[in-house]
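Please read the following briefing alongside the sequence and the three-dimensional structure. The points are grouped by topic.

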Amino acid sequence: MDKPKVGIYGLTGCAGDQLVILNCEDELLDLVGSLDIKSFSMAASGADDQCQLDIAFVEGTVVQPDEEKLLKDIRQRAKLLVAIGTCAVWGGVTAMKNEVDPKKFIEQVYGPAGKVFEVIPPQPLSSFVKVDLSLPGCPIEKEQLLRGVASLLHGDLPKLPNYAVCTECKMAEYPCILVEKGLPCLGPITVAGCGARCPSYGLTCNGCRGPVDDINVASEINILKEKGFTWVDIQNRLRTFAAPAPPLNLQTLEEAKNA
Ligand code: SF4
Ligand code: SF4
């Protein structure tokens with residue numbers, strides 16, 4: 001049987017998710033051996049960027065018209081498209097202020113020379129194309145990636161957690177940073193999958209995996225207000241990694257604040 005043809009692509013981002021793939025050390029040879037990797041510019045030259053693909057993995061946020069065009073071309077060639085990392089799934093830090101015209105940022109950073117850059121408001125992949133599977137994380141979790149690839153090779157979609165980081169944290173019996181230290185932990189509204197890594201080190205969850213389904217953002221806002229955080233602090237914290245996500249857009253947050 002032919003090996004599945006795979007392409008691994010990066011749009012705007014830090015390439016951390018592609019690094020996670022390269023860091024699969026023990027599993028990398030099995031992974032490479034079971035796939036026919038047609039494009040992975042971080043790891044190999046000589047990409048075939050015309051061929052049909054069984055699976056395309058795409059990292060990063062769409063911030064330029066050329067990236068939108070590339071993404072649509074990948075989608076058109078791929079049977080399955082997997083968004084890898086929070087930038088691809090939710091927009092990531094690049095989309096933190098996506099309601100502000102990006103041309104203003106370009107002007108501030110580069111001055112008149114910035115006119116050469118063509119930019120559009122940063123958006124996740126799903127704003128432009130159908131996404132078959134989303135693996136969030138900043139960066140992705142290696143185990144989720146490997147399980148995802150194994151499921152896709154068997155013709156299934158992997159089962160991903162649909163509960164919050166808080167659940168993982170409580171199951172591991174870590175002390176609650178929000179309750180005990182009064183620090184602004186986003187574990188109650190962030191999708192699980194990292195094993196509550198940050199609370200395990202006594203640090204707050206910063207929401208890097210993006211919102212969980214059925215997010216109760218009004219409750220999180222109320223708790224943070226009770227702890228004495230200002231509305232500006234709360235908004236900035238909630239919108240660091242997934243500002244374009246519907247539960248975290250400015251209008252939804254204003255409604256939740258007044259609920
Ligand atoms: S530390 Fe954070 S993730 Fe853990 S239980 Fe408290 S609020 Fe939830
Ligand atoms: S605890 Fe929160 S910030 Fe830390 S890795 Fe998990 S989702 Fe990301």
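Ala 196 is found in the loop between helix 8 (177-181) and helix 9 (197-200); helices (H or I, at least four residues) and strands (E, at least two) are DSSP runs, numbered from the N terminus. This is a predicted model, in which local features need pLDDT of at least 70 and side-chain atom pairs count only at pLDDT 80 or more, while totals for chains, interfaces and linings use all residues. Residues are numbered from 1 along each chain as its sequence is written, and chains are lettered from A and ligands numbered from 1 in the order in which they are written.

**Backbone features**

- Most residues other than glycine have a negative phi, and most peptide bonds are trans.
- Ala 196 has a positive phi of about 55° although it is not a glycine.
- Ala 196 is buried, with 23 other C-beta atoms within 10 Å; a residue is called buried if 20 or more other C-beta atoms lie within 10 Å of its own, exposed if 12 or fewer, and partly exposed in between, with C-beta atoms placed from the backbone.
- Asp 214, in the loop between helix 9 and helix 10 (217-226), also is not a glycine and has a positive phi of about 55°.
- Asp 214 is exposed, with 10 other C-beta atoms within 10 Å.
- The peptide bond from Cys 138 to Pro 139 is cis, with omega near 5°, and Pro 139 lies in the loop between strand 5 and helix 6 (142-153).

**Ligand surroundings**

- The shell of ligand 2 includes Ala 196 together with Cys 194, Cys 198, Cys 205 and Cys 208, among others; a residue is near a molecule or strand if its C-beta atom, placed from the backbone, lies within 6 Å of it.
- Six nonpolar, two polar and two charged residues make up the shell around ligand 2; Ala, Val, Leu, Ile, Met, Phe, Trp, Tyr, Cys and Pro count as nonpolar, Asp, Glu, Lys and Arg as charged, and the others, Gly among them, as polar.
- Around ligand 1 there are 14 residues, of which Cys 166, Cys 169, Cys 176, Cys 185 and Gly 187 come nearest.
- Helix 7 (165-171) and helix 8 each supply at least two residues of the shell around ligand 1, and the largest share, four residues, comes from helix 7.
- By class, the shell around ligand 1 has 12 nonpolar, one polar and one charged residues.

- Five strands form an open sheet in the order 2-1-3-4-5, with parallel pairing; two strands pair if DSSP finds at least two bridges between them.
- Strand 2 (36-40) and strand 5 (133-135) stand at the edges, each with a single partner strand, so one side of each is left without a neighbour in the sheet.
- Strand 1 (residues 5-10) pairs with strand 3 (residues 53-59) in the parallel sense over five bridges, and Ile 8 stands opposite Phe 57 in strand 3.

**Domains**

- The domain assignment, which is automatic or from a database, gives domain 1 (5-153) and domain 2 (165-258).
- The contact takes 17 residues from domain 1 and 14 residues from domain 2; two residues are in contact if their C-beta atoms, placed from the backbone, lie within 7 Å.
- On the side of domain 1 that touches domain 2, the largest share, three residues, comes from helix 4 (residues 86-90).
- That side of domain 1 has eight nonpolar, seven polar and two charged residues.
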